[in-house]
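Please study the sequence and the three-dimensional structure shown below.

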Amino acid sequence: MNIHDLNGRTLSELSGFVEPSRIKETATSLGQLRHSLQGRRIVNITGDDRSKGGVFEILRALLPYLVGAGIEVDWYDVSTATEARSALEFLHVLGHGVEPSTTWVDDLVSYRRPLESFSRTGSEEIQAELRSDDVVLLHDTQTALLASTLSRTNSVVWHAHIGATTLSPPLK
């Protein structure tokens with residue numbers, strides 16, 4: 001597992017790019033969040049694409065401002081074994097609303113072992129770092145597999161960051 005270094009940034013760094021009223025509103029919201037968390041840590045979990053992708057770009061830009069506002073934040077990348085990559089990509093493609101192939105049920109069955117292994121190993125890595133009062137934010141499709149295990153001990157929120165504006169037909 002990779003643990004990202006997060007250096008704090010202040011909202012004042014946005015002066016000249018963002019309207020002062022928006023900076024003030026954001027500072028107020030961050031203060032309310034800090035107060036609501038009452039010292040709890042937010043732990044962000046992503047896949048192991050350590051330096052690319054939309055979620056990486058969002059988190060690397062956003063999280064330093066939370067840290068700068070006095071909110072305790074961590075960001076971990078779950079390790080992914082080579083044999084699990086195809087299975088996780090399969091879930092990712094389905095999450096994007098791509099029509100499943102006629103063999104998707106068989107494909108899913110063949111991916112069961114690597115998905116279970118990823119879930120077990122990833123959960124163990126993360127749980128070794130978690131405190132009981134942490135709020136865990138799971139990002140993107142592959143981390144969804146960790147939700148059931150991690151939610152036994154922590155508050156967990158999952159966000160896909162992907163999807164389609166049209167629904168696939170119901171599965172038969």
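## Confidence in the model

What is the mean pLDDT of the protein chain? The mean pLDDT is 87, and 92% of the residues reach 70 or more; pLDDT is the predictor's confidence in each residue, from 0 to 100. Confidence is highest in helix 1 (residues 20-37), at a mean of 97, and lowest in helix 3 (residues 82-95), at 77. Where pLDDT is low, the predicted coordinates should not be read in detail.

This is a predicted model, in which local features need pLDDT of at least 70 and side-chain atom pairs count only at pLDDT 80 or more, while totals for chains, interfaces and linings use all residues. Residues are numbered from 1 along each chain as its sequence is written, and side-chain values use heavy atoms, with hydrogens and water left out.

## The chain as a whole

The protein chain contains six helices and five strands. These elements are DSSP runs, numbered from the N terminus: helices are H or I with at least four residues, and strands are E with at least two. Along the sequence, they follow the pattern β-α-β-α-β-α-α-α-β-α-β.

The C-alpha trace spans about 55 × 35 × 25 Å along its principal axes. Of the 172 residues, 35% count as buried; buried means under 20% relative accessible area, exposed over 50%, and partly exposed in between (1.4 Å probe, protein chains only). The accessible surface comes to about 10500 Å², and 53% of this belongs to carbon and sulfur atoms. Accessible areas come from the Shrake-Rupley method with a 1.4 Å probe, and for residues only the protein chains shown count as cover.

Contact means heavy atoms within 4.5 Å. Among the contacts with a separation of 6 or more, 70% are made by residues 24 or more positions apart.

Two strands pair if DSSP finds at least two bridges between them.

Strand 4 (residues 135-139) pairs with strand 2 (residues 42-46) in parallel through four bridges. Within this pairing, valine 43 has valine 136 as its bridge partner, and asparagine 44 stands opposite leucine 137. Strand 4 also runs parallel to strand 5 (residues 155-159), and five bridges join these two strands. One example is leucine 138, whose bridge partner in strand 5 is tryptophan 158. In a regular strand the side chains alternate between the two faces of the sheet.

## Strand 4 and its end

Is strand 4 mostly covered or mostly uncovered? Strand 4 is mostly covered, with four of its five residues buried. Histidine 139 lies in this strand and is buried, with a relative accessible area of 7%. Apart from neighbours within four places in sequence, histidine 139 is in contact with Asn44, Ile45, Thr46, Val55, Leu59, His159 and His161.

Aspartate 140 is found in the loop between strand 4 and helix 6. Its relative accessibility is 19%, so aspartate 140 counts as buried. The phi angle of aspartate 140 is near 75°, a positive value in a residue other than glycine. Threonine 141 belongs to the loop between strand 4 and helix 6 and counts as buried at 12% relative accessibility. When residues up to four places away in sequence are not counted, threonine 141 touches Leu91, His92, Trp158, Ala160 and Ile162.

## Two other loop residues

Where is glutamine 38 placed? Glutamine 38 is in the loop between helix 1 and strand 2. Phi of glutamine 38 is near 50°, a positive value in a residue other than glycine. With a relative accessible area of 68%, glutamine 38 is exposed.

Serine 151 lies in the loop between helix 6 (147-150) and strand 5. At 40% relative accessibility, serine 151 counts as partly exposed. Serine 151 and valine 135 are 16 residues apart in sequence, and their C-alpha atoms are 9.7 Å apart in space.
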